[in-house]
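Subject: Structure handover

Hello,

Please find the structure below. My notes on the disulfides and on one helix follow it.

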Amino acid sequence: MAASKAASMVVVLALVLAATAVAPARAAMSCSAVYSTLMPCLQFVQQGGTPARGCCTGIKDLLDQANNTPDRRTICGCLKNVANGASGGPYIDRAAALPSKCNVALPYKISPSVNCNSIH
C-alpha cells in the first residue's frame with residue numbers, strides 16, 4: 001500500500017510539473033507520457049532528500065514542450081488525478097515542493113483542488 005501511495009505521489013508530482021508543460025504542436029500530451037517523463041522523481045516523493053538530476057531535467061523538458069492550453073490542462077489533470085490518489089501524508093507535500101527544488105516556476109499549486117480549467 002505504501003508503494004502504491006508513493007507511486008501516486010510521483011504521478012502527482014509528474015502532473016504538477018507537466019501541468020505547465022505540453023508536447024509540441026504534434027500529438028497531444030498524454031498522462032502516460034507525463035508519468036514516464038517524471039518517473040525519476042519517484043524516489044524524492046517517496047523518501048525526500050534531493051531530487052535526482054533526471055527528475056528536474058524531466059520537469060524542465062515538459063515545461064519546454066508546453067506550447068498550448070489543451071496540453072497544459074491535460075498535464076494539470078494528470079497531476080491532479082495523482083494528487084487526489086495521494087492526498088494526506090508526506091507524499092503530496094514532497095510532490096508540491098518539486099518545482100521549487102528544481103528551480104521551476106509553476107503557475108499553480110500541486111493540489112487535489114487545483115482548477116485545471118483556469119490554466120491557459
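Are Cys76 and Cys116 buried or exposed? Cys76 is buried, and Cys116 is buried too; here buried means under 20% relative accessible area, exposed over 50%, and partly exposed in between, with a 1.4 Å probe and protein chains only.

Before the rest, the basis. This is a predicted model, in which local features need pLDDT of at least 70, side-chain atom pairs count only at pLDDT 80 or more, and totals for chains, interfaces and linings use all residues. Residues are numbered from 1 along each chain as its sequence is written, and side-chain values use heavy atoms, with hydrogens and water left out.

Confidence

The average pLDDT of the chain is 79, and 78% of the residues score at least 70. pLDDT is the predictor's confidence in each residue, from 0 to 100. Over residues 18–26 pLDDT stays under 50. For that stretch the model has 44 contacts beyond four places in sequence, a contact being heavy atoms within 4.5 Å.

Disulfides

The structure holds four disulfides, each defined as a pair of cysteine sulfur atoms within 2.5 Å. With the bonded cysteines of the chain numbered in sequence order, the pairing reads 1-6, 2-3, 4-7, 5-8.

- Cys76 and Cys116 are joined with an S to S distance of 2.0 Å. The link is left-handed, with -75° about the S-S bond. It connects distant parts of the chain, 40 residues apart: Cys76 lies in helix 5 (residues 69–85) and Cys116 in the segment after helix 6. Helices are DSSP runs of H or I with at least four residues, numbered from the N terminus.
- Cys56 and Cys102 are joined at 1.9 Å, S to S. With -70° about the S-S bond, this link is left-handed. Cys56 sits in helix 4 and Cys102 in the segment after helix 6, distant parts of the chain 46 residues apart. Cys56 counts as buried because its relative accessibility is 14%; Cys102 counts as buried because its value is 1%.
- Cys41 and Cys55 are joined at 2.0 Å, S to S. This link is right-handed, with 100° about the S-S bond. The two cysteines are 14 residues apart, Cys41 in the loop between helix 2 (31–38) and helix 3 (42–47), and Cys55 in helix 4 (residues 53–65). Both are buried, and Cys41 has 0% relative accessibility.

Cys41 also has a distance to Arg94 on record in my notes: the C-alpha atoms are 10.0 Å apart in space, while the residues are 53 apart in sequence.

Helix 6

Helix 6 covers residues 90–101, 12 residues in total. At 1.5 Å a residue it should span 16 Å, and its end C-alpha atoms are 16 Å apart, so the two agree. The expected span is 1.5 Å times one less than the number of residues.

The buried residues of helix 6 are Tyr91, Ile92, Ala95, Leu98 and Pro99. They lie on the same side of helix 6 because they cover an arc of only 105° around the axis, taken from the directions from the helix axis to the C-beta atoms. The face turned away from this buried side carries the exposed residues Asp93 and Ser100. Just after helix 6, Asn103 takes a positive phi of about 60°.

Regards
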